[in-house]
Amino acid sequence: MNSELDNIYATPSHQVSDFVFDQKVAGVFNDMIRRSVPGYAQIINTIGDFADSHVTPNTNVYDLGCSLGAASLTIRRRIEQRNCNIIAVDNSESMIQRCKENLSAYVSDTNVELICGDIRNIEISNTSMVILNFTLQFLPVEDRDALIGKIYRGLLPGGMLVISEKLRFDDNKMQQLLDKHHLDFKRANGYSELEISQKRSALENVMKPDTLTHHHSRFDNCGFSHYSTWFQCFNFVSMVAIK
């Protein structure tokens with residue numbers, strides 16, 4: 001999946017607009033996420049490993065907030081000949097179009113149904129695996145419990161939910177420490193102070209991270225009794241929950 005260089009926030013702006021997943025972002029998204037999210041490639045690869053071990057024949061797999069289809073692609077490669085259906089959903093037409101192009105570049109016997117729509121309105125049924133890869137944090141906080149509850153009800157026994165998110169911390173000292181090292185990661189990947197500052201402003205009203213404790217409480221409240229963090233780097237985490 002090719003991508004242009006992310007320089008969206010390289011030019012000073014008098015007023016930084018809220019972040020949106022538009023055509024401009026879709027065009028640079030691979031570069032943006034590679035340079036912004038530590039461990040992203042590892043997360044995608046391991047989602048494929050989880051799919052290999054947990055996706056059962058004749059079931060649905062949901063990639064909610066699929067963006068350019070990285071998770072769907074890695075899952076599809078690992079579940080050939082299981083007669084499964086992948087439902088990949090994103091509310092950005094630009095992301096869905098790019099996702100379609102990426103998926104069509106590879107031949108597969110596993111169907112991928114692309115839906116441009118709101119993940120809150122998607123029916124979840126007969127599923128052995130659901131992916132929320134850096135998606136939940138963009139939903140209104142008041143809608144998150146309902147979505148996880150709907151996913152739990154749609155999962156088959158033994159079905160798996162993978163959630164990757166940026167975290168916030170109740171402990172201010174830890175928040176400052178891990179924020180600092182994340183910013184150092186972005187600087188090491190070539191982002192300027194201007195780019196870092198302007199993107200942070202753009203995301204301020206759009207992305208609202210939860211604490212790890214909040215995620216765990218949500219799992220409990222929605223019915224999950226088996227869950228754990230399997231990956232963390234700085235303030236980025238990926239969790240797995242099993243019904």
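**Exercise 1.** Which residues does aspartate 90 touch, not counting residues up to four places away in sequence?

*Solution.* The model is predicted: local features need pLDDT of at least 70, side-chain atom pairs count only at pLDDT 80 or more, and totals for chains, interfaces and linings use all residues. Residues are numbered from 1 along each chain as its sequence is written, and side-chain values use heavy atoms, with hydrogens and water left out.

Step 1. Aspartate 90 belongs to strand S2 (residues 85-90), a strand being a DSSP run (E) of at least two residues, numbered from the N terminus.

Step 2. With contact taken as heavy atoms within 4.5 Å, aspartate 90 touches Gly65, Cys66, Ser67, Met95, Ile96, Ile115, Cys116 and Gly117, residues up to four places away in sequence not being counted.

Step 3. The side chain of aspartate 90 also reaches the backbone nitrogen of cysteine 66 at 3.4 Å.

**Exercise 2.** Determine whether aspartate 90 and tyrosine 40 are buried or exposed.

*Solution.* Step 1. Buried means under 20% relative accessible area and exposed over 50%, with partly exposed in between (1.4 Å probe, protein chains only).

Step 2. Aspartate 90 has a relative accessible area of 7% and is therefore buried.

Step 3. Tyrosine 40 counts as buried because its relative accessibility is 14%.

**Exercise 3.** State where tyrosine 40 is placed and what it contacts beyond four places in sequence.

*Solution.* Step 1. Tyrosine 40 is in helix H2 (residues 40-54); a helix is a DSSP run (H or I) of at least four residues.

Step 2. Leaving aside neighbours within four places in sequence, tyrosine 40 is in contact with Ile33, Ala70, Asn133 and Phe134.

Notes:
A polar contact is a pair of N or O atoms within 3.5 Å; within protein, one must be able to donate a hydrogen and the other to accept it, and residues adjacent in sequence count only if both atoms are side-chain atoms.
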